[in-house]
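Student: I'd like to walk through this model with you, one question at a time. Can we start once it's on the screen?
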Amino acid sequence: MLDYDFDESIGYWLTVTTQRYHRAFNDALVPYGITFRQSQVLGWLALEGELSQAELAGKMMIEPPTLVRILDRMERDGLIRRRPCPTDRRRKLIGATAKSKPVWAKIVECAKGIRARATDGLTDRQQATLKKLLGRVHENLLLTPPTELSDR
């Protein structure tokens, strides 16, 4: 039998909480015909501006072929545009269109609702502490080099 104390694992709690958060967010978007993955595309474009398909796939932690299908639908619906990179014609740059603005407004509305649900019962101070602690975990993982598993 595989033994592990999941209740004490930060990774476990981060993972299951993230999955629950994404599921709730996706459910909130359904009435508007928007998927969680589409919201991620527009979210990264809002945060970072125009991105290459490869950069976007990396940020979303999905395989490029999966992203292509998402982008095909979004381009068909007029939410994004693809254009060749001026310095590397093999790369495609993705940008949001004016038609995406009302969709983005719905995404933001849903995000605020999910945020309110997720933080229900937490004081402002507790929310600030949570953000600070998660920020620290994030920074620790950026700064700590990965270790290799050995065959000891």
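Student: Which strand is Ser52 found in?

Tutor: Keep in mind that we're looking at a predicted model. The strand covering residues 51-52 takes in Ser52. So the name to write down is S1.

Student: Is Ser52 buried or exposed?

Tutor: Start with its contacts: leaving out residues up to four places away in sequence, Ser52 touches Arg91, Lys92, Leu93 and Ile94. Its relative accessible area is 3%. The cut-off for buried is under 20%, so Ser52 is buried.

Student: Moving on to the helices, how are H2 and H3 oriented towards each other?

Tutor: H2 spans residues 36-48 and H3 spans residues 53-60, and they pack at about 115° with their axes 10 Å apart. Angles of 65 to 115 degrees fall in one class, so H2 is, relative to H3, roughly perpendicular.

Student: What is the handedness of the crossing where H2 passes H3, and which residues make the contact?

Tutor: The crossing of H2 past H3 is right-handed. By class, the contact holds four nonpolar, one polar and three charged residues. H3 contributes Leu56, Lys59 and Met60, while H2 brings Arg37, Gln40, Val41, Trp44 and Glu48.

Student: Let's zoom in on one of those. Which residues is Leu56 in contact with, leaving aside its neighbours within four places in sequence?

Tutor: Leu56 lies in helix H3, and at 0% relative accessibility it counts as buried. Its C-alpha atom is separated by 8.2 Å from that of Leu67, 11 residues apart along the chain. Leu67 is also on the contact list of Leu56, which reads Val41, Trp44, Leu51, Leu67, Leu71 and Ile94.

Student: How are H2 and H4 oriented towards each other?

Tutor: H4 covers residues 64-76. The two helices, H2 and H4, pack at an angle of about 80°, and their axes are 10 Å apart. That angle makes H2, relative to H4, roughly perpendicular.

Student: Which residues in H4 meet H2?

Tutor: On the H2 side you have Arg37, Gln38, Val41 and Leu42. Taken with their partners, the residues of the contact of H2 with H4 divide into six nonpolar, one polar and one charged. The H4 partners are Leu67, Ile70, Leu71 and Met74.

Student: And H5? How do H2 and H5 sit relative to each other?

Tutor: H5 runs over residues 100-118, and its axis comes within 10 Å of the H2 axis. The two cross at roughly 105°. That puts H2 and H5 in the class roughly perpendicular.

Student: How many charged residues does the contact of H2 with H5 have?

Tutor: Ser39, Leu42, Gly43 and Ala46 of H2 meet Ser100, Val103, Trp104 and Ile107 of H5. Five of the contact residues are nonpolar and three are polar. The number that are charged: none, as the contact of H2 with H5 has no charged residues.

Student: Back to the strands. Is Ile80 buried or exposed?

Tutor: Ile80 is placed in strand S2, residues 80-84. Beyond residues up to four places away in sequence, Ile80 touches several others, including Val41, Leu42, Leu45, Leu71, Met74 and Ile94. At 3% relative accessibility, Ile80 counts as buried.

Student: How far is the C-alpha atom of Ile80 from that of Leu122?

Tutor: Along the chain, Ile80 and Leu122 are 42 residues apart.

Student: What separates the C-alpha atoms of Ile10 and Val137?

Tutor: Ile10 lies in helix H1, residues 10-29, and is exposed, with a relative accessible area of 55%. Along the chain, Ile10 and Val137 are 127 residues apart. Their C-alpha atoms, though, are separated by 9.5 Å.

Student: What is the phi of Met61?

Tutor: Met61 sits in the loop between H3 and H4, and at 74% relative accessibility it counts as exposed. Most residues other than glycine have a negative phi. Met61 isn't a glycine, yet its phi is positive, at about 55°.

Student: Last one: which feature does UniProt place at residues 1-139?

Tutor: In the model, that span is 64% helix and 9% strand, and its end C-alpha atoms lie 34 Å apart. The UniProt entry is unreviewed, and the feature it gives there is "domain: HTH marR-type".

Key
Residues are numbered from 1 along each chain as its sequence is written. This is a predicted model: local features need pLDDT of at least 70, side-chain atom pairs count only at pLDDT 80 or more; totals for chains, interfaces and linings use all residues. Side-chain values use heavy atoms; hydrogens and water are left out. Axes are lines fitted to C-alpha atoms, for helices over the stretch in contact, and angles run from 0 to 180 degrees between N-to-C directions. Helices (H or I, at least four residues) and strands (E, at least two) are DSSP runs, numbered from the N terminus. Angles under 35 degrees count as roughly parallel, over 145 as roughly antiparallel, 65 to 115 as roughly perpendicular and the rest as oblique. A crossing is left-handed if the near helix is turned anticlockwise from the far one by less than a right angle, and right-handed if clockwise. Contact means heavy atoms within 4.5 Å. Ala, Val, Leu, Ile, Met, Phe, Trp, Tyr, Cys and Pro count as nonpolar, Asp, Glu, Lys and Arg as charged, and the others, Gly among them, as polar. UniProt positions are given in the numbering used here, feature names are shortened, and annotations may be inferred rather than shown by experiment. Buried means under 20% relative accessible area, exposed over 50%, partly exposed in between (1.4 Å probe, protein chains only).
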